[in-house]
Each structure stands twice: as C-alpha cells, then as structure tokens.
Amino acid sequence: MQFQEEQDYTKKLDAGLWKRLLHYAKPFHKKLWIISIAMLLCAAGDVIFPLLTREAIDTFVATGTTQGLTWFVIKYVAVVLAQVACIFTFCYLSGRVEVGVCHLIRDIGFKRLQELPFSFYDKTPVGYMIARMTSDTQRLGDTIGWGLIDLMWSLGYVVMSAAVMIRLNAKIALTVLLVMPVIAVVAAFFQKRILASYRVVRKTNSKITGAFNEGIMGAKTTKTLVREEKNFEEFQELTGVMRKSSIHAAIMSALFMPIVMSLGALATAYALWKGGYEVFEGLISIGTLTAFMSYTTQMFEPISNMARIFADLQSSQAAAERVITLIETEPEIADSPEVKAVYGDSFHPKKENWPEIQGDVEFRNVTFRYTGGERVLENFSLKVRHGETIALVGETGSGKSTIVNLICRFYEPTEGEILIDGVDYRQRSQLWLQSHLGYVLQQPHLFSGTIRENIRYGRLDATDEEVAQAARMVDAEEFILRFEKGYDTDVGEGGNRLSIGQKQLISFARALLANPAIFVLDEATSSVDTEAERKIQHAIQTALHGRTSFIIAHRLSTVRSADRILVIQHGEITEEGNHSQLLKKKGYYYNLYTNQFKEERESAVLGKAAQLEG
C-alpha cells in the first residue's frame, strides 16, 4: 500500500489561524463570552480567598477576638457560592460549546465535500477526509470548549494575583515575577519541537485511517493475492512512525512541565525566605506573609496550566490547519455569482427560474487537460441533437469518459465551450444541469437501505407505483419480487447483498425515475452477466427513447442500436456513423466488432462442448 503525503503547514503557532477558526464558531461567541466572564469571576474568587485568610489571621487569630466573625463568615460563604455558580456555568456551557463546535464544523465540512468536484476526490484519499472530520474536529472542539477557557482563567488569575502581590509587597513581588521571562524563553525553546512532533502525529493518523479504509475495502483482493503478512508489515511501519513521534512529543511535554514547576519552586523559596525575614522585622504581618505565600505557590499552577495549554494548542494547531484547509478548499468548478443570483446554488436552488431543457449538446472547439497532466482533448467539436443516442467506443484512455464527464460538468473545458440547448452551460447552474442528468456507472453504488429507497433516491417524492414502474422499465422487477421482502429487501452496505447485474439494474431504474433529459451509461454492461446485459440492452432501446443518451461500452453488442457511433482515438473522432455504416467502412470499428463477434462465438461453442462432455 502506498501512502500519499499531505501538504506541510506553517511551522509556528499561528494566531491568525485560531482567529479564522473562532470565526466559524460564531454561533457560540455569546456562550464563550459568558464562559470567559465566569472564568474571570472564578479567578477573582481564587484571588480573594488568600485575602480572606489574611484577614482571619490578622483579625481573629493574632488578636484572639471573635468580634466581626459573623460578617466574615457571610463574606466567605458568599464567595464560595459565587464560585460554585461560576463553575457550574463554566462546565455546562463549555460542554455545549465542545459538542456544538464539533457538530458545526462537521456540518460545514460535509457541505463543502458535497460542493467539491471530482478532481478533489481524484487526489485526496478517503482516509484523510475521514480523519479530518472525526479525530481532528474532536480535538478542535476540546480545545475551544475547554482549553481556551482554561487559558482565560489562568491569565486572569496571574494578572490579578500579580496586582495584589505588588500591593502587598512590591519588592518581593517584582523579584518573584522576574521568573516569567525565563519561562517564556523555555516555552519558545520547546514550541518548535513539540509542534513538529504533533504535526507528524496528525499526518500519520490520517495515513492510518486511510490504511484501515483500504484494508477493509480491499479485503477480498488482499486474500486472493495472499498479501496479509505484507500489509501487516507496512501497517506496523506506519504505526511505528506515529509511536515514535508521539513518544518524542510526550518527552518534550514531560520536560517542559517540570522545568516550569522548578522555576516556580525557586521563586516560592525566595518569597518565603524574604517574607519570613520581614515578619521578624515587623515590616509585614503574619497574615500578609500567609497570603503572599498562597499567591506565590498558587500562581505557578496557572503558569504551569498555561504551559500545558500552550503545548495543547501546538498539538491542536496541526488539527486546525488540516480542518481549515478542508473547509476552505475552493471548488475548482463553481457557478459565478451572477448565475447563483438567478438560478440559486446546490443548497438553495431557485427552480422557478430554471429554463426547460431539451437536450441538445454541442462541443465547440473544446480543449481539456487534467490539472498537472497532458491534454486529453484538443479543439474537439461535436453536435448532438436532443433525443439522439450516441455511442463512444475506443481504447482505454482515448478520452471517452472525459467527454461524458465534461457533458455532466464534473469537469469544465480548459478552452472552448460546451453548449446545452445552444447556451454555454456555465451560464446555468450546476444543479440545473445535473438535475436533468441520468448517470449509470460501471461500478454502481447503492446506499444502505432497501431496494425501494435506493430507487427512490432518483426522485424523493416518487410514489411506490412510480418506483415500481421505473423498475419494470429496466426489467428489474422480476428479480426484485423473487426476494422474500420484494422492494423492501435490504441491499446491505454498498449493495453487497446483490449481484453486480442486480445493482446495475437498480441504479438504472434510479436514474430513470428522475426522468432525465440527458442520459449517460459509462461501461454499464462491462461487469454484468449475459442476462443482465440483455436486460440493459432492452432498457436502452425502450427507456432511453426520446432522451439524449451517451453510451460508453466495451461490449459492442450494447451499442449496435445507437443512432451514431463515434470511434474516439487520442481525443479525436476518427470514425462516425451507425453500426451498418461503420461495418461497411471496414476500419477500426469493423475490426473491433468482428474480433469480439469471433470471441463470443468461440466462447459459446466451448460452453456447449463443455455441457455435452458433462
């Protein structure tokens, strides 16, 4: 298995990236503000407690009096209750923000995946997309819901504690606070190393997800090629890379935290020594020293917390970069703002403005090349009248599938125009065109659910009778009714409970149910048995009547009834005509057809001989 490399991202913590991410979390900004205020109030409460302890020591313990104790207890209880309320608010809203952000980003990501063209899926492994929308997104939800809010508490506590410490004793406070720049230098040292390791971890996680996907989807091939051991070795190598990078990141984080805590301990020791001396000198009270020591010891907890959050942000940035890259990927094929204003987009169509479609198709001097690849078509021209059936034959790689993909606007011409009913199809919305398309692939995809539901995907408001009628049009009802549950038979994941021929007929019925003006069959009979091929040929002759149809077929028996057969070689039409006309020319098509005919006759004779011997 080969594992494609993802792009590398920025090499340092990027505040702009987090700003963009928080923009996507705009629906939760109000909650985030409430959480931030609650955390600042929590930090203020934590700062007040040492002052209350100072008051208790200096007022009650040192003097031996209880006068004013009731009022003190009321103040203390009030601060405790306020903190309880703030903590409840923080936990409740942070949990909702975490879940909500994950839900929102996944919605945005899934919507973007629906908008991206075929070219994106051609070059992006499925495992990478799954990892971005699952583990990477969950990491971002955790960071925004909890990490950034923890950072707010830590910053608030450090700032307020520093202010109170300076007020209590500026000289000692400033000496203790001098450790801050040292911690900043340590953080800068570890930043690059931790972030680099976490980037490798996230990239490798995508590869592992992709390997799982390939391993599951290709399980039959693996067994037939006896590749189990080799696949396992390659997978172990991949997980070994992730293990090594994860351990390196953990070691860096493990070194980072003790260094920060050790620096804090040194500052605390200095404060204790200097403050104790001033107590003996009578410069400060024992209560003040107690409060000062509380601030000194507790201040380095939020500093350590900030160091941890900083390391988490470094880890999460790798996930943020990957998710943002996906959701901000601009489709290579997109309707112009002017077209969207009139006809709407894929999610907000303005069908009342959609013109009727006849099905006339014209290629006008079309040149096309795949991104980074060589030209497939050059100055290609073709006119097709509505209702005409066009067959495309030729060698693999000659450009047949490219032609029909351009018609469907899965790709767009590099140069030239494609006209539908005399109008450049870029002046209409993609949804307008693709809503009038029927497309049957060589390897049909069925969704989990019943046969009825899969056919109804062609038109969701179709009645049960219309679903059955579409099945009858392609001779599929006969095998459907042989199932115990008929149309309510579950097809399994990807339709794995049905044969390829059965799946093909269901996908054909699904496409016909939408009553498309333009129909495409791309090698629809190449993988089916003789009986399914016969039914598809019958459907082509009957169900496609009156529709503009394009048929790509390796088996020429499928295309004999086409109005025009185009022989495509190296992106050019080298022969054109109906079946009889092309046979009379005795060119490429004649040779191809006669060779196939001989092979089919030989297979039939050998089959009969085998039956007689049996």
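The tour starts with a pocket and then moves to the nonpolar cores.

You are looking at a predicted model, where local features need pLDDT of at least 70 and side-chain atom pairs count only at pLDDT 80 or more, while totals for chains, interfaces and linings use all residues. Residues are numbered from 1 along each chain as its sequence is written, and side-chain values use heavy atoms, with hydrogens and water left out.

Select Q114, F118, F410, Q434 and F447, the closest to the centre of the largest pocket among its 50 lining residues. That pocket has a volume of about 2,600 Å³. (On a 1 Å grid over the protein atoms alone, a pocket is an open set of points where a 1.4 Å probe fits, with protein on both sides within 12 Å along at least five of seven lines; lining residues have an atom within 4 Å of a point. The volume is the space filled by probe spheres set on the points.)

Now colour α3 (69-115), which gives the largest share of the lining, six residues. (Helices are DSSP runs of H or I, at least four residues.)

**Stop two: the main core.** Pick L21, L140, F256 and Y295: of the 69 residues in the largest nonpolar core, these touch the most other members. (Such a core joins buried Ala, Val, Leu, Ile, Met, Phe, Trp, Tyr and Cys through side-chain atoms within 4.5 Å; buried means under 20% relative accessible area with a 1.4 Å probe, protein chains only.) The largest share of this core, 17 residues, comes from α10.

**Stop three: another core.** Apart from that core lies one of 42 residues, including I540, L544, I565 and L582.

Note on methods
Helix = DSSP H or I, 4+ residues; strand = E, 2+ residues; numbered from the N terminus. Buried < 20%, exposed > 50% of the residue type's maximum accessible area, 1.4 Å probe, protein only.
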